[in-house]
Structures are given as structure tokens and as C-alpha cells.
Protein chains: 2
Amino acid sequence: MKKQQNNALANAIRMLSVDAIVRAGEGHQGVPLGMAEIATALFTEHLKFNPEDPTWPDRDRFVLSNGHGSMLLYSLLYLTGYEEVTLDAVKNFRVLGSVCAGHPEFEQTAGIEVTTGLLGQGIANAMGMAVAEAYLRARFGTELVDHYTYAFVGDGCLQEGIGQEMISLAGHLELGKLILFWDDNRITDDGSTELSISEDVAQRFRVGQWHVIEVDGHDQVAVSEAIVQAKADPRPSLIACRTVIGRGIPRVQGQRGGHSARLFNDDADATREYLDWHHAPFEIPDDLLQSWREAGRRTRADYDSWQQRLNKLSAAERYEWDRVQAGKLPEGWREVLHQYKQNVSREEGAKPGIFASAEINDLLCDVLPERMVGCADLEAPTSHKRSQRAFTPDDRGGSYIHCGIREHLMGAMSNGMAAHGGVMPLAVTYLAFSDYERPAMRMAALMGLPVRFVFSHDSIGVGRNGPTHQPVEILASLRAMPNMLVMRPADAVEAAECWEVALGHRTGPASLVFAKQELPAVCGAEATENRSRRGAYVLHEAEEGERQVTLLATGSEVSIAVAARRELQQQGIATAVVSMPCWELFEAQDTEYKKQVLGVDTVRVGVEAALRFGWDQYLGERGGFVGMTGFGLSGGVEELYQHFGITPEAVVEKVKTLL
Amino acid sequence: MKKQQNNALANAIRMLSVDAIVRAGEGHQGVPLGMAEIATALFTEHLKFNPEDPTWPDRDRFVLSNGHGSMLLYSLLYLTGYEEVTLDAVKNFRVLGSVCAGHPEFEQTAGIEVTTGLLGQGIANAMGMAVAEAYLRARFGTELVDHYTYAFVGDGCLQEGIGQEMISLAGHLELGKLILFWDDNRITDDGSTELSISEDVAQRFRVGQWHVIEVDGHDQVAVSEAIVQAKADPRPSLIACRTVIGRGIPRVQGQRGGHSARLFNDDADATREYLDWHHAPFEIPDDLLQSWREAGRRTRADYDSWQQRLNKLSAAERYEWDRVQAGKLPEGWREVLHQYKQNVSREEGAKPGIFASAEINDLLCDVLPERMVGCADLEAPTSHKRSQRAFTPDDRGGSYIHCGIREHLMGAMSNGMAAHGGVMPLAVTYLAFSDYERPAMRMAALMGLPVRFVFSHDSIGVGRNGPTHQPVEILASLRAMPNMLVMRPADAVEAAECWEVALGHRTGPASLVFAKQELPAVCGAEATENRSRRGAYVLHEAEEGERQVTLLATGSEVSIAVAARRELQQQGIATAVVSMPCWELFEAQDTEYKKQVLGVDTVRVGVEAALRFGWDQYLGERGGFVGMTGFGLSGGVEELYQHFGITPEAVVEKVKTLL
């Protein structure tokens, strides 16, 4: 392929992008015009993919981390022949219903590997994909798994802290098949990068143990050669590409306005002239389109031979491969949980909430080899490494990732692993640190990715570490997030039940929230079915007369509600206890069930060592709440429960006031 | 001071810390024992402070960013003579009510500059302090402002992304009076740092344009010399201190358990022997205590001469100095807002919500020179730089900080500026990016710092940039946070009113949330008083009969409620519109006022382009809600409002269904 031809290929990206942005009336021209040659080099000479089978498991992954440059991706997908990305869809860039949304939105059948646009998320996703690839390669062999992960990244992704977390851990883990392209255009939204940064970014990657190549990003030959080197190097690679933002649009190229200043028809005309491009808007001449479509078929032979290798698998091997690719759970997973539940319901005494989750995960190790656990430097207190080896450069079969003190990366990496497929990521830390991880959790919810976020130390039950470490508002803030299951089990039985639901839940993430402190068995003996699956259930019905009072509680406060009920019943007040491990599941129940659980015309009191915010939907106008009203304090756990008045006595008193 | 003496000084820290941790039954010995010599060098030879006047404005600031090592700080504060940190308080380490809480909690009269413990926050706070110092030095001169900011930092703070954001921007801004001490002990909670990091951290600082000195952290002379060099260098300095974690406790020093493994009486005994320390628990021999107390008085002469310089100020200068130190607002600030309100209430037409805030801030520039605005690379779309110069190495009088794409740092830096005092920080970005900033916002709320977080692009009104950029759950998640005012003005009049409240609010942060899109004037003509100060108010009372319906709305949806009311009134349904710019302020009103606003026995419908979560407390059992039920979409704004059914017609329909 001659360079001249290549320039035309790159210019096809440019003009499609300009035409779409002008038509939409808004968009970000900086990336598609500045990275056109880089994208052309990658997609026409290196990327292993098949637009006719966009979800081919062994495809190279491509992530546009600087997602505002979405027209670059859509141009590539249309040009290389992804069926869902039609010319009409491109013309309808940013119009409601078009797959060509303002920012790329997770749609793998259309070639969009992940949703990007919140800066820094994409490169962390890409790293997660590279981890998943390495793990699966160790598990299934290079015959089936042997692909690269490429990501385009702008200054924003590398200024965000998560960018450095990624650099640091990817270098440490020697993820050699991860290759980034930095769009080094020296411009951000505010103007020159000199306004906010003076460091040598490439050098920062070198310090992080990366392989770094610096090239002219408009020299396609140089970029292509850099990719060859990057693929050969055992370290992750940064190809630092010096570029001109918005290159090709005379009025704005190389300028602040190159980023996203509004473009007009005049700009499109001027760009046509500048690029010597003599075709109508959205028209790609046949020969050029054919060249691009050929690029889309370039690795077809790889695809075909991969299919042949797949077909040679034994039936058992094939079953297992198909199973993990589909994210299907294996035979026997449910029995493990049921057995655990039976065992713990026979046990006496209490155990730390998080340890129930740890025990469950230990038991699941063998049956779910696709489980990969990330933890942000809290191995001992969360105890989720049992029976696992660390994932390291020397042991890609390890399924436990020491993420370091990098919660944000851990979450976004987990999203990337889930988007990659074939593995089942868990991310473990304390609930108070979930705020660090939250932007990634939001992306998991938005994409509907089945990531399990596991949290320990879920309330003032943290004790003496004090209010920094005591989440009081975080349950509410997670419950506020759409498409996120938030589960807070009351004991080991509910822990098993919630894990059963969470593992079966494929359409979005789940947050599993556990206490640090010991929880007595409260759901034990009666737990013959999974009562948690409906989100809330009557744990103890009122006795001796019609129900007057309903106590609603979650997690560590269920035992408080049970004790309060005992006292109330003794005083002749017919009281039920409802355990509510998961509000979102309860919301999905029918009205009749909800009524039955919440009780009609009863006084309802919520009990949770957290703020009331959000509870009112269940309490009704006569309702009350026993919980926190502000941040916690440093002190002993029992002392704190007394101090903040979250006790059976306080519940009894609240009920009697309300009656 | 001889080295032998110094070792005894350092060992006093060690034994106090071990005794307190053993007594508490938990704590983190790694930092106080590993950084004892470093702390001794700093506090006995360099730190400018006066324990008898802990809030002396020109004191050097000291931040323990690795806050879990809190006993280091408490030991220093007790030994140097801070009155509030008594030996009893130390003995009651981690006991409810002691100032010696599990993690340091903001209490400047006790010498605790900021709350730390969420890793990475402290160093970003410290950077904010250094920014505040530089700005105030430019404004008031070195006679009054000339101090250093020192921070101790562990591996965690530097693995967290915010750490890199800080390195990058502090280096860029050449904050030469910021000096960090890295506790390079090669151990984290999980064990060896080799589990999660392989880079040369010191080199990363060098890339970030820092001055780096590497020393043996147990050689007090070397540390002291490094401090001398650091103070002289115009760049921010990292003193990388090679240390042994938990040094002095034979069983755990240099080991994983050195971090926070439980210590017992035997450990205290063994430490005594190892350190050749022959004193009872909590007993510091007189001569040693006197040496420490002398260290506390070491810079008394600096203090006295500073007071003399202060006393020489003219009355006007002194007034202004005292005013900004006290965080008091100047004469005339309120008039600026009132004038603006009058002007906009006479204007016809609409303006982008965020631009009202921009105009207000422009007007405030002159009257509030202590205002410092940080913005995360969104100068043009948020427009809060008007009439200001950038804060740069060459212009310390600039009051606008180009923070780059580093929201988390921006928030935590703002906290540090507020904690420093003398400046009034604002932090500006899009609401969708607030999740990145949230951990810092939580700390502002926990500390009760008057930081104003300004957000634009507050709903699906963002339009074509799509769901990544459209907050739907974030209002709820912020409202869930204790001690945080969340304000969402309906138009420019309410914007002025909310700013008036926010500026006067000193006991915690405020989030001011603005629309991107144009907002019509809806509160205009009647705005003779500040109605927003009560959080919610009747914007339009029902007409022709007793109120049947109350529409509750915020921000951009108030105009929708107003239009719906018009239609309902025409249909003979007596309907009131309540504007609710700030729930937290409304919650503080008396029951009578609340009843009057919400209406008794009326059907209430909430209208907000966000999720219902949290709204039920105002809607009652008969209530309804018109808003979002999940994430947004990419499309035109009006189209999206139609698509999601957030229209006057939908409100009318909802009301009629409920009636």
C-alpha cells in the first residue's frame, strides 16, 4: 500500500468526520482529524478483526479512550464494513437513536468495545482487557487466545489520576500486549497544554516500566513501524504520536478550536480544498471505500484458521470455552452455595460479615475458574484471596490481582475485563473507599456489565478507625445509581443468597456490602429457599394479633430489629421484622408482594446504621427511622451504636412514639 | 543538639505511640515508628509553629497524609506542648471523645490541620495550602505570609491517582514551598510493595519537575540537611526517606506486620528493651519532655516578630487581613448580588444556567479578592475565569487555577486552601465529573470546610454528548451526603440567591448545580427578598379555590412546572408551584413553614430531570414524580425531554391520574 493511497484513506476518515460534525452542529473534530493516519495504520495494517463477526473472541480489542473523538471510531467502523454502522447512522451522528452517539456507547455487535467519554476510564478498561487476555491465554492456550489490546488516548486520560494508576500497574504486571497511542497534540479544551502541565509524559511511562516509542503521528509508515516494535516488546508500549489537532481544517487546526469549536459548511468546504478532496458530503469514492473494506477483510485468514482450531476442540473443551465466553455459570455452582447455606445455618455464633463472603468465594474458586478477584491492598481484612494465586508476569494463571492502593483503576479495569468476556471480575475494597471507585461503578451500570463490587467495613461498625472509614451516606449514594444492585446481607445465610443472585445477574453490576464486625446468625433455620432474591421478605411475622408494626432493616441492623421485635411482642405489640438485603430486587416485585411485606396500615420503622436518605419510600407518612443523622466518630463499635442510638431500645421507643 | 539526644527524642515518639496503640488494642505503628527521626528533624529543627497559638496564620503547615499513622502526630503535638493534646487524650487514643481519634480529625486549635486517612487526600490538601500561601504572599507580602507546607506521605498516597495529579500540577506550578517526606518503607498492608509496584517513585517526581533528595530516613542529620536544601530549592521538593516500617518493635519491624498488626504488652516490653528505654508506659522523663517543649518554643522569636509586623499595619490593612483570615465577607458583597438580581429580573429572555453563575462571579471578583477559582479544563463552557488572571509561577496574584483534567485534585486542593484560610476556594467542573471529585467533597463535608463546588451541565439538558455526560443520579448522591448544601437554581434570580446563601455559609461545603441549557426567567418580578434561603418556597400559589395540587420542582424543571400549572389552572385544578433550590435548607425550616409550602392533603408531584431517589420524603403516599428512571441518551435537548416524558403535558397527566 503506497503512502499516497494511505493519505487518501486517512482523509476519508477526516471528511466523514467533518461532514458528520457539521451536520450534527456539534462534535469533537480534534481526534478524528488528528489521529487519522494513526488509525489508518492500525486498522489497515495491524488490527486483527472481522467486521462480519464483531464479537469474535480472539479479535484485537480497540478502545477509543479519548471518547469525545467518537467520529473517528464511527468512521472506521463504517469504512471497514461493520453492518450496524451504516452511512445513515453516521449521517445521524448525535441524533437520538443512532448508534453513532455523542460518545461511543458499549455495543460490541457494532464494534464499540466499551463506553468512553469520562476521561481515563478507557485506558483502564483496556488494561483490564489485556489482563483478561493474558489470563485466558494461560488457561486456554495461544491457539484460542492471542490478541492485542490497543487504545487511543489523549492528554485528558493521562492527566486524570486513573491514568497514572494504569501506567503504574500495567508496567508492573508487564502487560506486553497492551499498546497505547498518545495523541500528543499539545492542546486541551482550555488551550495549550502549557496551561496545566510541564512534565515529559513519555518519560513518565518509561519510569513506569513501559516501552516508549516517539513518532510523528501523521507519518503512517512511522506509526506502522512503531506498532511492529510495540508488538515485539515484552513490556506494554506507548506510541507517543506528535500530532496536529484537527489537522486538515484550515481555520482551527493546531489551535484551541481544533478540539471542538463549532464547524460550519465553510469549514467543510475549506477542508475539502485543503485535503484536495473532491467528493460530496458523506461520499466516499468507490475505490477508496473498497480499499477500506479490504482492510476490514485483511485478517480474514486469521479468523478462519481460528475457527478451525476452535472446531478441533474436544466436546468438553468446547463446552467450557463456549460457557465462559457466554458468561454462563457451570453445573454445580448453585449447589456450592446451597451447601454453604446449610452448613452455616447449622452453625452457632457469629462471624465477621465480610468473612462469609470470603468463605463463599473460597468455595467458588474451583467451580468458577473464570472468577478473577482484584483487591486494593486489603487482602488480610477482606480475605478474598483464599485458595488463589496472584496474577503476576510469571504466573498468568493466577486469579488474584494485587491492585495496590488504586481503587479507581481496580473498578475500571474490572469493567474492561467484563467487557472483554471470558472472565468474571470481582473488585474488593472497603465501602468508604468506594467513592474512589465510583466513576467506574457508574460506567459498569451504564454499560450493564456484570461486575461484582465487593465492599467490607460498611458502617460505623468499622469502629475506632473513625468517620473517614465509616460510610454513612454511601449506601444511599449507591442505591441512587440506576442499574446497580446494592446488597447488604444480614448474616452468612443471606450472604450466600445474595451471592447466588449476584452471580446469576448478568445485565448490570452488583455491589455486595458486608460488615466488618461479627454478625450473629439471624436468618438461619428457616432458610430453605432463597428469600433474598425478592429483595425483602418477612423474616419474622407479627404474633398474637394483626400486625401493628413493621421493622425494616438491612445487614448488621437486622439483629437489632429482631431484638426490638422480641421486646415489642412481649409488650403486646404485634411486630414483624422485614429483612431488606436488596432494594432494587424488591422494587421489581409485584404490588401484592410488596404490600404483604411492608404491611398495610402498619407503623413502619427503618433500622440501618446509615442515613435516612432514600428510606422514606418505604416508611410512609407515619413511618420512622433509627439510624445515623450525620458522620460517625472514632470509638468502640458497641459504644458507637449506643452513642448514635441504634439499639433495640431505641427502636422500641421509636415505635411506641409513633403508635 | 547532639545525635544521641535526638535519638532519645525520636524514641519518645516511638514509645508513646507503642503504649497508646497497645492500650487502644489497635492502631498503626508503622508510621510513628518508621518516621520518628524524620518527624524529630522537622519539628525540632525546622518547623515554624507555636503550640500556644496553634492557628497562627503564618505557621508552617504540617499534614500527615498517611493519616493512619495518627499516633505520630498526637505524639508530636503532646510532646511539643499543644494544650488540647494532653497525656490523657493520648492515653485515650481511639476512645470516643478523645481528640486522638483513629485518624487525625480536623481540629486546628489542637494542631490537626486537616482530616486525613483516605489516602492521597492529604498531599492534595497540602498542595492547596501551598497555593493559598503563594497567593496570600503575593497579596499581603512576605512580612505577613512566608511559610512552608510539609507533608508526610506513604506509598498509598502515591499509588492513588490523586497523588500523581498532585505531583503533576504542583511541579507545573513550581510550588517551591511545598515539601513532602516519603516514608519509603517498601511495605503496604498486603506486604512487600513488590506485589503492586515496580517503578522508581522518586524518578516519577523528577519527571514531574520536582526537586528530589534521597536520604536514610533514620539519619536525622541527613534528613535535616535535606530539609535545608529543600527549602532553598525553587521547585517543590520530595525528600525520599528510606525507612524501616515499625522500627523498634522487634517482632514486626521491617515486616508486613509492622504496618498495623496488633501489638501486645510483650511487644511494648520488647520495644523498651530494644530502644534501651527504661520508663513506665506513657512516662516521658522530664529532661526529654523539656527538650521537646523547648522545640515547641524554638520559633517563638519568629512568632513575636511577626506579631510586631502585624501590629504595624495601617487600620485599613489590618481590617482586611483580619477579615480574610476570619473568612468574613466584606462590606458590599450582598449589594452586588442584589443589584444583579434586580438587573436580571428586568431582563427578558433566557440565558444558560451556568452563565448566570459566571456573571455573578465576575461581579464578585473585585469585592472578594480572596476568591480563588479552580477549574478542570472547562474554562470556555463554564466561563468562570472572567476578569481574572491565571495563577502561575510568574504571577502568584492570579486567582484562577487551570487545574487540568484533574477533578479529584481540584477538590482536595480546594479543601486544603479552605483549611489554610485567607482564601475562598471555588472548584468548577461538570456535574457528571463530580464523581471524580466526590472523595474530596466528602472530606469537605466531614471537615465542615466552606468550599464551593460549582457544577455545570446538570442533567439530560447536556444533550448530544449523551449519558456519560448526563448526570441522572448525582443530585441524589450529593443530597445523600451529610453537611453538604446542594443548590439547583431555577434561573438567574435564584442563582444570585443561592450564591448569597452559599457565600454566607461557613460551616460546610455547598454544591451549586447549574444547567448548561438556557433557562427562562421564572422567578423574576417577585424576587424582592431571598426566597431561596429557606430552601423551598411557593413560587405560585394555587388560584381560584383551595390548593389541590402542589408541584415541586428544581432548576431547569421549574419552568416545566410553571407551564403545567398554567394548564391545570385552566382546567380548574387549583395548583401551586414550589421551587426547591436546596433541600437541606428546607429541612432546617420549622414544621409550620414546611406544611405551608408542601400543602396539607394536596397531591404532590415532584418534577426533576433526575431520578426519584430521595424525593419520596416530600411526595407523601399519594404523590407522584415526573423525571428520569434510568440513564440518559445522546440526542437533542428538547427531543430528550420529550423522549423521557419530562414535559408540562406529562406533569398534567400525572396530576390528573393521581387526582
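**Exercise 1. Describe the interface between chain A and chain B.**

Step 1. Contact, meaning heavy atoms within 4.5 Å, involves 96 residues of chain A and 96 residues of chain B. This is a predicted model, where local features need pLDDT of at least 70, side-chain atom pairs count only at pLDDT 80 or more, and totals for chains, interfaces and linings use all residues. Residues are numbered from 1 along each chain as its sequence is written, chains are lettered from A in the order in which they are written, and side-chain values use heavy atoms, with hydrogens and water left out.

Step 2. Chain A and chain B bury about 8300 Å² between them, with 56% of it on carbon and sulfur atoms. Buried area is the accessible area (1.4 Å probe) that two parts lose on being put together, summed over both.

Step 3. There are 6 salt bridges between chain A and chain B, a salt bridge being a side-chain nitrogen of Lys or Arg within 4 Å of a carboxyl oxygen of Asp or Glu. One of them joins B:Glu473 to A:Arg442, with the closest N and O atoms 2.7 Å apart. On the side of chain A that touches chain B, the largest share, 8 residues, comes from helix H20 (residues 434-447) of chain A.

**Exercise 2. Which strands stand at the edges of the open sheet of 6 strands in chain A, and why is one side of each left without a neighbour?**

Step 1. The order is S10-S9-S11-S12-S14-S13 (chain A), with parallel pairing.

Step 2. Strand S10 (400-402) and strand S13 (485-487) of chain A stand at the edges; each has a single partner strand, so one side of each has no neighbour in the sheet.

Step 3. S13(A) pairs with strand S14 (residues 510-513) of chain A over 3 bridges. In S14(A), A:Ala510 is the bridge partner of A:Leu485.

How values were computed. Helices (H or I, at least four residues) and strands (E, at least two) are DSSP runs, numbered from the N terminus. Two strands pair if DSSP finds at least two bridges between them.
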